[in-house]
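Subject: Structure handover

Dear colleague,

I am passing on the structure we talked about, together with some notes on what was found in it. Please keep it open beside this message while you read.

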Amino acid sequence: MMNNQYCFVPRDAGFFSVLNFFVGSLHENLHIYPLFNKEELLKRIGENRHFAYWTENFNAWFDYFEPIRYSLEDNMHTTDQYLSLTKYSGENCPEEFRIPNKFKQLLQGDETKFSEWRIKSHSLYTKHIKFKQEIIDQIDNIWTANAIKHNVIGIHYRHPSHFVESGKIYLESYFEQIDLLLQKYPESKIFLATDSCYGIYAFSEKYRDKIFYIQNIDRLSMSEFLHWVFSLVDGKADSVGFINGKGYELHHKRVNQINNKNMTIDLLKEILCLSRCDQIVNT
C-alpha cells in the first residue's frame, strides 16, 4: 500500500466486526474514510447477509458518526473527494483486530504488551470516531431517567446462536458472576443490553427491580426466538451461526430492509450504555 488514503467499505459482517477492521486500519496509519453504502458492498463481494446497518442516506456512516478528519484542514470526507479513492475493507489490518483467537492470545499474554496495544488503539478510536451528539444526548437521558447514583453492572447477553464462537454458555453462568458482584456491591443497578426479548425476560425474572434496559427498541420477539430453537431440530449451525443457510439473529432478520437506522441507533445506544457501567458481564 504505497498510498495511505482509502475509501473504507464494510465487509459483510456485524457492525462492530466492521468497526474493528476500521480501527485496525487506523492502527496501520492509514487514512480511511468510511462509505456505508450497500451498492458498494455488493460490488465488492456480491452478497449481503450480515451487515444490515443501512439507512436512506447514501453514506449511512453520517447517520451515526461525525465525518472523519485527520487534520483540521482535512475535508476529504465532507466534500465527497473520498469516493474516488481506492476501496478497502481493512483486510490487511493486524490479526488481533480480525481474528478472535489472536485477540484472545494478546489479551491473555504479556500484560505490558496488551496495555500498550490497548492504549494506542483507544487513543486512535477516541481521536477519530465521534458519535453523533443526538445519540450521546439520548444516553445522558437514559442515565438520568434511571437515577444512576450507585455502581452499575453491565450485562451483554447475545443471541445463543453465538455458541459457535463462545461455546455453550448457560444463564446460570451469568447469574453466578452477577451474584458475586452483587455481594461486593449490593446497591448496584444492572443494565442489560440484549438483542432478544428472551434475554429481557430471563434476567428480569432473576433480578427484578435491579434490572434496567432501554425500552421500546427493536429486539427479536419470543416468536422469532422460537423459530431459531426449532430450526436446530432439523439443521446444524455453521461457523457463523446460520442454520441451513439462514440466520436468526436480529441483524440477519432485518438485513433485507432498506432503512435500519433506528435498529442501528438502538445498538449504539446499548453499547454506549455498557461503556458507562462499572463492570461488564459477557460471554
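In which sense do strand β1 and β3 pair, and over how many bridges? Before the answer, please keep in mind that this is a predicted model. Strand β1, which covers residues 5-8, pairs with β3 in the parallel sense, and two bridges link them. One place to look for this pairing is F8, whose bridge partner in β3 is Y88.

Strand β5 itself, residues 189-194, is mostly covered, since five of its six residues are buried. It also runs parallel to strand β6 (residues 211-212), to which two bridges join it, and here I190 has I211 as its bridge partner in β6. Between β5 and β6 the chain passes through helix α10 (residues 197-207), which makes a β-α-β crossover that is right-handed.

The cysteines deserve a short note of their own. A disulfide is a covalent bond between the sulfur atoms of two cysteines, and in this model the count of disulfides comes to zero. C7 has a relative accessible area of 0%, so this residue is buried, whereas C197, with a relative accessibility of 21%, counts as partly exposed, because the buried class is kept for values under 20%.

Finally, there is something to see on the surface, where L226, F230 and V233 form a nonpolar patch that has about 320 Å² of accessible area together. F230 is found in helix α11, which spans residues 222-234. Is F230 buried or exposed? Its relative accessible area is 52%, and F230 is therefore exposed, given that the exposed class begins over 50%.

With best wishes

How values were computed. Residues numbered from 1 in each chain as written. Predicted model: local features only at pLDDT ≥ 70, side-chain atom pairs only at ≥ 80, totals over all residues. Heavy atoms only, no water. Patch = residues over 30% accessible without salt bridge, like charges linked within 9 Å, V, L, I, M, F, W, Y side chains within 5 Å. Areas by Shrake-Rupley, 256 points an atom, 1.4 Å probe, with all protein chains shown as cover. Salt bridge = Lys/Arg side-chain N within 4 Å of Asp/Glu carboxyl O. Helix = DSSP H or I, 4+ residues; strand = E, 2+ residues; numbered from the N terminus. Buried < 20%, exposed > 50% of the residue type's maximum accessible area, 1.4 Å probe, protein only. Disulfide = S-S within 2.5 Å. Pairing = 2+ DSSP bridges. Right-handed = clockwise from strand over helix to strand, strands pointing away.
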